[in-house]
Amino acid sequence: MKHMLVAAVCLAVMPGWAQQPPVEKPAAPAAQAPAPPASGYTYRPEGRRDPFVSLVGRGADPKSAANRAPGLPGMLINEVSLKGILYSKQREEFQAMLQGTDKKTYTVRAGQRLLDGSIKSITADTVVFSQDVNDPLSLVKQREVRKTLRSGEEIRG
């Protein structure tokens, strides 16, 4: 009984409390407002890049696998491994045997190019590469990378 009395008092005090809210009728389609006049600044790119587009991950990467030349000229210095060094008596120079990512072995001489550098020199146990540095913040544009043959003592130890 007490609950019914509270409900009756609430209905008397707030007559719209128990009623459902009125359903709004959809508005009639209004005529489209004319566009505001074009006053102010407009951006004309004319060969410039969009300043709001990220520079990270844009364009084709020349070192991706799809854009590389076949064979050793299409491989990075870090992707090849030194398998052996030969001495040519005819040319009186050392030659190196490099294995690439395609599991083929290539015989190379000093001066040959790879994708990111070239072979600077070959000695009896070391191949020295001159690698191009592709870092715009670096003052050094080339660095030396050495790949050395392992001797039998290092393998056992």
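Visitor: Where does N134 lie?

Guide: N134 lies in the loop between β6 (126–132) and β7 (142–148); strands are DSSP runs of E with at least two residues, numbered from the N terminus. The model is predicted, so local features need pLDDT of at least 70 and side-chain atom pairs count only at pLDDT 80 or more, while totals for chains, interfaces and linings use all residues. Residues are numbered from 1 along each chain as its sequence is written, and side-chain values use heavy atoms, with hydrogens and water left out.

Visitor: Why is N134 called exposed?

Guide: Exposed means over 50% relative accessible area, buried under 20%, and partly exposed in between, with a 1.4 Å probe and protein chains only. N134 has a relative accessible area of 68%, and is therefore exposed.

Visitor: Why does Q95 count as buried?

Guide: The relative accessibility of Q95 is 14%, under the 20% limit, so Q95 counts as buried. Q95 is found in strand β2 (residues 93–99). Leaving aside neighbours within four places in sequence, Q95 has contacts (heavy atoms within 4.5 Å) with residues including L86, V108 and I122.

Visitor: What makes β1 and β2 a pair?

Guide: Two strands pair if DSSP finds at least two bridges between them. Seven bridges join β1 (residues 81–88) to β2, so these antiparallel strands pair. L86 has Q95 as its bridge partner in β2.

How values were computed:
Helices (H or I, at least four residues) and strands (E, at least two) are DSSP runs, numbered from the N terminus.
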